[in-house]
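Open the model in your viewer and keep the selection panel at hand. The tour goes residue by residue, then out to the whole chain.

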Amino acid sequence: MTQKHHIKNSVVAALGLTLSGCSLFGLGTAEHNIAKANANSDYHANGTEAMLIAERISLPASTEDSVPTAFTSNIHFQMLNDYVEQMAIELSLELVNLKLDYPIAVSSFVQLDASLNNADSLGNQLAENFITELRKVGLLVNDYKITGNILVTPSGDFAMSRDPNQLKSLQNIGYVLSGTMVKNAKGMLINARIVGLSSNVVVAATSKLIPNIMLREFQ
């Protein structure tokens with residue numbers, strides 16, 4: 001075998017050794033040992049050339065430290081609004097054959113307790129996300145917190161308020177999207193429904209479990 005062939009085989013074996021340590025390619029223990037043995041034998045046969053060429057290629061020894069992998073369960077790739085987007089799509093599909101004559105108002109999501117009045121940062125963020133995602137699927141949304149005026153102050157200019165006295169007395173609202181939150185061992189179960197204000201009829205509903213890893217910023 002020529003020296004050129006020795007170098008080529010050494011590089012291939014060295015790359016095989018490098019990739020065998022990478023969980024992304026999923027090599028088993030037996031394959032790992034074979035690749036390692038081949039690389040070691042070729043390296044000793046023509047060691048300096050193979051090592052220098054492999055170093056110039058600069059492949060990482062392992063991707064486990066640099067690439068988030070689906071094989072690990074402690075990494076999550078979705079954001080909170082991704083769950084809300086899925087729920088908004090499901091709600092819109094239930095409304096395909098129903099014409100809503102008036103816009104939907106979105107209220108804060110509350111804990112499923114005796115009072116149904118306990119909202120927190122998660123409940124308010126869910127409501128904000130639903131306003132955005134309902135519009136994306138083509139539904140009319142009423143933001144009843146808009147005062148109808150712009151309050152100009154040294155610290156900023158404001159168009160929204162939670163003061164009932166500053167809100168419009170007449171609101172163009174026909175439906176409300178409301179929801180509850182129920183904590184369990186795996187995360188937070190979100191129940192959302194669109195209800196007719198005058199009839200109390202539920203025209204669409206959906207549920208999603210948001211895993212605990214997504215709730216860290218709200219704890």
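Select Ile89 first. Ile89 is partly exposed, at 37% relative accessible area. Here buried means under 20% relative accessible area, exposed means over 50%, and partly exposed is in between (1.4 Å probe, protein chains only). Ile89 sits in helix α4, residues 80-94. Helices (H or I, at least four residues) and strands (E, at least two) are DSSP runs, numbered from the N terminus.

A note on ground rules. This is a predicted model, where local features need pLDDT of at least 70, side-chain atom pairs count only at pLDDT 80 or more, and totals for chains, interfaces and linings use all residues. Residues are numbered from 1 along each chain as its sequence is written, and side-chain values use heavy atoms, leaving out hydrogens and water.

With Ile89 they make a nonpolar surface patch of about 290 Å². Patch residues have over 30% relative accessible area and no salt bridge; nonpolar side chains (Val, Leu, Ile, Met, Phe, Trp, Tyr) are joined within 5 Å, like charges within 9 Å. A salt bridge puts a side-chain nitrogen of Lys or Arg within 4 Å of a carboxyl oxygen of Asp or Glu. Areas come from the Shrake-Rupley method with a 1.4 Å probe; for residues, only the protein chains shown count as cover.

Now go inside. Select Leu126, Phe130, Leu134, Leu177 and Ile194: of the 30 residues in the largest nonpolar core, these touch the most other members. Such a core is a set of buried Ala, Val, Leu, Ile, Met, Phe, Trp, Tyr and Cys residues joined through side-chain atoms within 4.5 Å. Elements giving two or more residues to this core include α4, α5 (121-136) and β7 (187-196).

What does Leu126 touch, beyond residues up to four places away in sequence? Leu80, Val84, Phe109, Met181, Ile190 and Ile210. Contact means heavy atoms within 4.5 Å.

Next, two backbone stops. Most residues other than glycine have a negative phi. Leu116 has a positive phi of about 55°. Leu116 lies in the loop between β2 (110-111) and α5, and is partly exposed at 43%. Asn200 also has a positive phi, near 65°. Find Asn200 in the loop between β7 and β8; at 61% relative accessible area, Asn200 is exposed.

Zoom out. The chain has five helices and eight strands. Buried residues make up 31% of its 219 residues.
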